[in-house]
Amino acid sequence: MGAMAGAFSAYSLFNETHAAEWEKAAQRIEHLTPEKVAMEEDFWMTIQQAYTVNSNLVNLNNGGVSPSPRVVQEAVERYNKLSNEGPSYYMWRILDQGREPLRQKLAQLAGCPDDEIAINRNATEALNTVIFGMDLRPGDQVIGTLQDYPNMIQAWRQRALRDKIVYTQISFDFPVEDDDAIVAAFEKAITPKTKVIHVTHVINWVGQVMPVAKIARMAHARGIEVIVDGAHSFGLIDFKIPELECDYFGTSLHKFLSAPIGSGMLWIRKDKIEKIWPLTCNDKPRSSDIRKFETLGTRSFPIEQGIGEAINFHTAIGSKRKEERIRYLKNYWAAKAKDIPGVKIHTSFLPAYACAIAGVSVKGMTPGELDSALMNQYKIHTVGIVWENISCVRVTPHVYTRLQELDKLVGALEVIAAKKNKGS
């Protein structure tokens, strides 16, 4: 039971490892706004040193999955060793008791009651729970976009095949810097049969931030429910889930929260829980208890408990400071790259419409060619994106990213673009 004092006690790994040093660092910048703190390299160096990333690789694909800081890794290792001392005892009788304190801390971070939070493995599982758990009839319409995440698109298409619902996808040419235009596009697609609007909070391909609350207000005025894919927003943007005014929200915690790989969260508004069927079996499937969505059988208890240290880490930085730092890093490289001949940035520079993720392309090169050139020639890891009307390389820094790494990216783009232009 001493182990379960863990992440939410004075004896947490974070407190043992970082608390004193971070407190001193925070005192030096406490008089500054988050926007000013974003540019204080001495402060962020303290944060950077808490990660164990490979210095021979510039990892700029944190939009896929982010590395965990050392204390989170050590927490998972500690709980894994404990589990293996007697799995059925330590997992089910000891570590399983740690889910309720974790639920409370996640709820505090999300700004909602703890009985609206379910802990699972990723955003796909969270959102599929809602997508397949809703009572929809043949002919009922669901509206999404062509730019949503593929797993969500395929889930809705499967429901259309199985249950004969109507799945309508609208399309955007991002970046879009007009809330009203975005809301109007969803509104235009509504019919008397529309039951659900599916919104991606931060478009994973190019980082466009969608005006979720405005879409939700419009939808609710027409009796339509709203599902939000928050895989890339939770732990990045400083917000509370109820502020989005949606009905359902799913996220991966192993992205910007830097929780253990394979951890996620589902939020359902209290009055909606009862009507959603669990994705996996439960003895009371129509219960209003959020825990009915956690009957996953044997799962990784060490990963679950490692989330607690990630919350400590995130909270010590500060949500708004973290958001502004990562936005600063994105703008730092993108502002320089946009002036390189032959280089195009596919993401807004306005704070309301972008934060961490940005798309970049070089004229005359496919995303795959640019991605390969960055990796093979410069050891810069990104990801090439070709999806619907989007064609670019996605670049995503995190709090551990150093300015010199972004300078290396800009320098690489200059050389690559110059060679391509000369060749053409």
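Helices (H or I, at least four residues) and strands (E, at least two) are DSSP runs, numbered from the N terminus. I use these names throughout.

**Entry 1. Ground rules.** I am working from a predicted model, where local features need pLDDT of at least 70, side-chain atom pairs count only at pLDDT 80 or more, and totals for chains, interfaces and linings use all residues. Residues are numbered from 1 along each chain as its sequence is written, and side-chain values use heavy atoms, with hydrogens and water left out.

**Entry 2. The chain as a whole.** I looked up the secondary structure and found 15 helices and 13 strands. The radius of gyration (taken over C-alpha atoms) is 22 Å, close to the 22 Å that the globule rule gives for 424 residues, so the chain is as compact as a globular protein of that length. That rule is 2.2 Å times the number of residues to the power 0.38. Along its principal axes the C-alpha trace spans about 65 × 55 × 40 Å.

I then checked burial, where buried means under 20% relative accessible area, exposed over 50%, and partly exposed in between (1.4 Å probe, protein chains only). Buried residues are 57% of the 424 in the chain. For contacts (heavy atoms within 4.5 Å), I took those with a separation of 6 or more, and 71% of them join residues 24 or more positions apart.

Entry 3. Most residues other than glycine have a negative phi, and most peptide bonds are trans. I looked for departures. Lys164 is not a glycine, yet its phi is positive, about 65°. Lys164 sits in the loop between helix H9 (150-163) and E4, and it counts as exposed at 54% relative accessibility. Glu388, also not a glycine, has a positive phi of about 50°. Glu388 belongs to the loop between strand E12 (383-387) and E13 and is partly exposed, with a relative accessible area of 47%.

I also noted a cis peptide bond between Phe174 and Pro175, with omega about 5°. Pro175 is in the loop between strand E4 (166-170) and H10.

**Entry 4. Aromatic pairs.** A pair of aromatic rings is described by the distance of the centres and the angle of the planes. Rings of Phe, Tyr and Trp (its six-membered ring) pair if their centres lie within 6.5 Å; planes under 30 degrees apart count as stacked, over 60 as edge-to-face and the rest as tilted. The structure holds 15 such pairs.

I opened the pair Tyr51 and Tyr400: the centres are 5.0 Å apart and the planes at 40°, so the pair is tilted. Tyr51 is in the loop between helix H4 (41-48) and strand E1 (58-59), and Tyr400 in the loop between strand E13 (390-395) and helix H15 (403-423), so the pair ties together parts that are 349 residues apart in sequence. Tyr51 is buried at 6% relative accessibility, and Tyr400 is buried at 5%.

Next came Trp92 and Phe301, with centres 5.1 Å apart and planes at 80°, so the pair is edge-to-face. Trp92 lies in helix H6 (residues 87-94) and Phe301 in helix H12 (residues 301-317), so this pair ties together parts that are 209 residues apart in sequence. Trp92 is partly exposed at 37% relative accessibility, whereas Phe301 is buried at 0%.

I also found one aromatic cluster formed by Phe14, Trp22, Tyr51, Phe313 and Tyr400.

**Entry 5. Helix H11 and Asp179.** In helix H11 (residues 212-220) the buried residues are Val212, Ala213, Ile215, Ala216, Met218 and Ala219. They pack against helix H10 (179-189), strand E5 (194-200) and strand E6 (225-229). Asp179 is in helix H10 and counts as buried at 17% relative accessibility. Leaving out residues up to four places away in sequence, Asp179 touches Pro211, Lys214 and Tyr353.

Entry 6. Met365 is in the loop between strand E10 (358-362) and helix H14 (367-378) and is buried at 19% relative accessibility. Beyond its neighbours within four places in sequence, Met365 is in contact with Leu370, Ala373, Ile416 and Lys420.

Glu324 is in helix H13 (residues 319-337) and is buried at 10% relative accessibility. Not counting residues up to four places away in sequence, Glu324 touches Pro34, Glu35 and Ala38.
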